[in-house]
Amino acid sequence: MLILSRKLNEQIVIGDQIVITVVAIRGGNVRLGIDAPTEVPVHRQEVYEALCKQEGRAGALGGKASHSGSRASSGGEEK
């Protein structure tokens, strides 16, 4: 696992198409903005595991989450 430190408004770039931005830090919570192509699934861990369980497959991430389901719009959160 790669561990990086970032401050407010700083970014992390993954490959050529994914950018993660620290958009807010409040107490113990960090809010991240993720800019990725729509074909790249992005989920919170608990949502990913629920989707895996629903599909009857193991939800072990192993650092490489992969699921071809829906994703939240850029302005909202998954429910």
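The structure is a predicted model, in which local features need pLDDT of at least 70 and side-chain atom pairs count only at pLDDT 80 or more, while totals for chains, interfaces and linings use all residues. Residues are numbered from 1 along each chain as its sequence is written, and side-chain values use heavy atoms, with hydrogens and water left out.

**Confidence**

The mean pLDDT of the protein chain is 82, and 73% of the residues score at least 70; pLDDT is the predictor's confidence in each residue, from 0 to 100. Residues 65-79 have a pLDDT below 50, and this stretch has 25 contacts in the model beyond near neighbours in sequence (contact means heavy atoms within 4.5 Å).

**The sheet**

An open sheet is built from 3 strands in the order S1-S2-S3, with antiparallel pairing. S1 and S3 are the edge strands, each pairing on one side only. From one strand to the next the twist averages 25 degrees; axes are lines fitted to C-alpha atoms, for helices over the stretch in contact, and angles run from 0 to 180 degrees between N-to-C directions. Strands are DSSP runs (E, at least two residues), numbered from the N terminus, and two of them pair if DSSP finds at least two bridges between them. Strands of a sheet pair through backbone hydrogen bonds, either parallel or antiparallel.

The two pairings are set out below.

| Strands | Residues | Bridges |
|---|---|---|
| S1 and S2 | 11-14 and 18-26 | 4 bridges |
| S2 and S3 | S3: 29-35 | 7 bridges |

The hairpin of S2 and S3 has 2 residues between the strands, and here Gly27 takes a positive phi near 60 degrees.

**The nonpolar patch**

Leu32 also belongs to a nonpolar surface patch with Leu8, Ile25, Val30 and Ile34, which together have about 450 Å² of accessible area. S3 gives the most to this patch, with 3 residues.

Patches are made of residues with over 30% relative accessible area and no salt bridge, with like charges joined within 9 Å and nonpolar side chains (Val, Leu, Ile, Met, Phe, Trp, Tyr) within 5 Å. A salt bridge is a side-chain nitrogen of Lys or Arg within 4 Å of a carboxyl oxygen of Asp or Glu. Accessible areas come from the Shrake-Rupley method with a 1.4 Å probe, and for residues only the protein chains shown count as cover.
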